[in-house]
Amino acid sequence: MRRRIGEILVGGKAISAELRDRALAEQSRRKGRFCSSLLELGGVKEDLLLRALAVQHGVATCPAAELAEIRPDILRLVPAKLASSLFVVPFRRMGRNLSLAMRDPKDLPAIDEISFLTGLAISVFVALDVRVQTALAKHYGVAVDQRYLDLASALDGGGGMIAVTPPKTPKP
């Protein structure tokens, strides 16, 4: 069975069990993904979270910089409607191989569908949901929740991490 990302991060001492639990509660409340909730709470760097996802899924990472500028001919390989429904973004092509950023790189039906559509071999890369969502908005014009655009902007402005004000502790 695949280890949960929260357990990987707590086990690696990247986050506290308390932060994990707060992110789980926030995920449940806002109906998003755990990593997005964790980033919104702060306390973990984007690149560290991405590396933990790579460990969880056993695939390479697709950092935000790879999704910033994508050639139009590569984007045309996967129609916007399909990319947005599968949460994938093609970002590089080398010969007969298409590199695909995915929030869930274990989604085999999605990989098969893109491979069948394009006739290319697919190399899968894990990307944070916030980065996939913002890439879909930027390159395909897909409407995404403002939450993701705000989070991406905050991450870009904070060097991959959102500044967190420490919780107020009562004075004795």
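A residue counts as buried when its relative accessible area is under 20%. This cut-off is needed at several stops of the tour, which goes through a predicted model.

**First stop: Thr118**

Select Thr118, which lies in helix H8, residues 108–118. Is Thr118 buried or exposed? Its relative accessibility is 18%, so Thr118 counts as buried. Display the side chain next: a polar atom of the Thr118 side chain lies 3.2 Å from the backbone nitrogen of Leu120.

**Second stop: the aromatic pair**

The structure holds one aromatic pair. Select Phe91 and Phe125 and show their rings: the centres are 5.2 Å apart and the planes stand at 75°, so the pair is edge-to-face. The pair links distant parts of the chain, since Phe91 belongs to strand E2 (residues 88–94) and Phe125 to strand E4 (residues 121–126), 34 residues apart. In general, a pair of aromatic rings is described by the distance of the centres and the angle of the planes.

Are the two members of the pair buried or exposed? Phe91 has a relative accessible area of 6% and is therefore buried. Phe125, at 14% relative accessibility, counts as buried too.

Keep Phe125 in strand E4 selected and display the residues around it. Not counting residues up to four places away in sequence, Phe125 touches Val59, Ala60, Thr61, Cys62, Phe91, Arg92, Ser99, Leu100, Ala101 and Met102. From C-alpha to C-alpha, Pro90 and Phe125 are 9.9 Å apart in space, while 35 residues separate them in sequence.

Select Arg103 together with Phe87. What sits over the ring of Phe87? The charged end of Arg103 is found there, 3.5 Å from the centre of the ring.

**Last stop: helices H2 and H3**

Two packed helices are described by the angle between their axes and the distance between the axes. Select helix H2 (residues 17–30) and helix H3 (residues 34–41), which pack at an angle of about 115° with their axes 8 Å apart. The crossing in which H2 passes H3 is right-handed. To see the contact, show the side chains on both helices. H2 contributes Leu19, Arg20, Arg22, Ala23, Leu24, Glu26, Gln27 and Arg30, and H3 contributes Phe34, Ser37, Leu38, Glu40 and Leu41.

How values were computed: Residues are numbered from 1 along each chain as its sequence is written. This is a predicted model: local features need pLDDT of at least 70, side-chain atom pairs count only at pLDDT 80 or more; totals for chains, interfaces and linings use all residues. Side-chain values use heavy atoms; hydrogens and water are left out. Helices (H or I, at least four residues) and strands (E, at least two) are DSSP runs, numbered from the N terminus. Buried means under 20% relative accessible area, exposed over 50%, partly exposed in between (1.4 Å probe, protein chains only). A polar contact is a pair of N or O atoms within 3.5 Å; within protein, one must be able to donate a hydrogen and the other to accept it, and residues adjacent in sequence count only if both atoms are side-chain atoms. Rings of Phe, Tyr and Trp (its six-membered ring) pair if their centres lie within 6.5 Å; planes under 30 degrees apart count as stacked, over 60 as edge-to-face and the rest as tilted. A charge sits over a ring if NZ of Lys or CZ of Arg is within 6 Å of the ring centre and within 35 degrees of the ring normal. Axes are lines fitted to C-alpha atoms, for helices over the stretch in contact, and angles run from 0 to 180 degrees between N-to-C directions. A crossing is left-handed if the near helix is turned anticlockwise from the far one by less than a right angle, and right-handed if clockwise. Contact means heavy atoms within 4.5 Å.
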